[in-house]
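Here is a walk through one protein chain. Start with its domains, then turn to the side chains that pair within it.

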Amino acid sequence: MTRDIVITEVALRDGSHAINHQFTVEQVVEVARALDEANVPYIEVSHGDGLAGSSLQYGLSRTPELELIEAAVSVCKRAKVGVLLLPGIGTIKDLKTAAALGVGMARIATHATEADVSAQHIYQAKELGLTTVGFLMMSHMAAPEKLAEQAGLMQSYGADVVYIVDSAGALLPDQAGERVRALKQCLNIPIGFHAHNNLSLAMANTLVAIQEGATWIDGSVRCLGAGAGNTQTEVLLAVLDRMGIQTGVDLYKMMDLAEEIVSPILQVPQEITRDALVLGYAGVYSSFRLHAERAARKFGIDSRDILIELGRRKAVGGQEDMIVDVAAEIAQLNSTTKIR
């Protein structure tokens with residue numbers, strides 16, 4: 001089957017953030033089976049922060065992720081199940097365990113300027129025979145030339161694909177395009193693009209990325225992802241079909257999955273709330289939203305103030321502990337100002 005664009009469905013990983021990591025085995029089985037039947041080639045399953053992400057800092061999973069991964073693998077006849085691994089959170093041992101369960105893809109994620117920490121994990125994923133993806137997060141924080149340099153490192157380690165990841169949903173279309181062009185000039189492997197919709201630009205950025213040469217694209221069915229979600233898979237499929245771009249994925253089945261299976265899983269509809277908007281505006285990691293909202297309630301302050309300050313401090317994924325510190329500082333400052 002011809003696929004001009006390779007789709008990876010991320011709702012069972014990125015969507016974990018949106019529901020506080022509360023996926024059940026039954027939900028994962030139902031979604032993964034439907035995605036497989038729709039002929040989606042890759043399905044990412046893990047804690048929102050990747051293998052071994054379940055923790056007090058990042059959020060505790062309702063169900064151990066290895067159970068979710070094993071369940072997804074058990075019902076996928078054609079699709080490959082993938083996992084995300086952030087070096088420093090997940091380990092080589094975690095990667096080997098996931099491979100033993102039957103996953104077919106590993107996505108090794110680092111901050112946009114820290115590709116060098118991915119070397120051993122990319123080497124190991126390749127040794128395990130997995131489709132190996134380099135995942136450069138918070139790509140808005142690196143200039144195109146720097147991002148291309150980092151992508152080149154991942155390619156040199158053996159990555160099959162390297163992704164530009166707009167973790168904050170902060171990129172504007174021209175910025176997305178120039179980053180893809182920069183990678184296109186220096187890589188001889190496919191380029192991927194992962195968007196977030198915090199500025200309502202996920203679809204626009206994805207289409208620009210495709211026009212500039214990205215051929216591996218992430219989507220989340222029903223927009224189930226961190227912040228305001230990702231590029232909505234079923235909508236993307238309809239747009240690409242109108243453009244004559246082949247994905248090999250069954251549009252009707254994806255529509256049905258979104259409407260009948262994923263919609264009931266959503267705790268609230270995925271929309272661009274004020275906090276999601278601030279994530280994109282301030283350039284803050286999309287998974288920080290729920291953490292900031294909880295800290296705001298605890299300290300009686302505005303969550304937007306927390307997110308804006310995190311953006312000013314250039315906080316990145318893995319620094320969730322800063323959220324409470326920043327909230328406490330803002331509350332103290334507010335208290336001092338009132339006294340004066």
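The chain is assigned two domains: domain 1 (6–265) and domain 2 (274–338). These bounds come from an automatic or database domain assignment. This is a predicted model: local features need pLDDT of at least 70, side-chain atom pairs count only at pLDDT 80 or more, and totals for chains, interfaces and linings use all residues. Residues are numbered from 1 along each chain as its sequence is written, and side-chain values use heavy atoms, with hydrogens and water left out.

Look at how the domains meet. Their C-alpha centres lie 26 Å apart. Across the interface, 21 residues of domain 1 are in contact with 21 residues of domain 2 (heavy atoms within 4.5 Å). The area buried between them is about 1500 Å²; buried area is the accessible area (1.4 Å probe) that two parts lose on being put together, summed over both. Carbon and sulfur atoms give 58% of that area. In domain 1, Q57, N198 and G227 lose the most area to domain 2, together 27% of what that side buries.

What about charge? Between domain 1 and domain 2 there are zero salt bridges. A salt bridge here is a side-chain nitrogen of Lys or Arg within 4 Å of a carboxyl oxygen of Asp or Glu.

By this rule the count comes to 14 salt bridges. One joins the side chains of R13 and E44 (3.0 Å, N to O). R13 sits in the loop between β1 (6–9) and α1 (15–18), and E44 in strand β2, 31 residues apart. Helices (H or I, at least four residues) and strands (E, at least two) are DSSP runs, numbered from the N terminus.

Strand β2 (residues 42–44) also holds Y42. The rings of Y42 and W216 have centres 5.2 Å apart and planes at 35 degrees, so the pair is tilted. Rings of Phe, Tyr and Trp (its six-membered ring) pair if their centres lie within 6.5 Å; planes under 30 degrees apart count as stacked, over 60 as edge-to-face and the rest as tilted.
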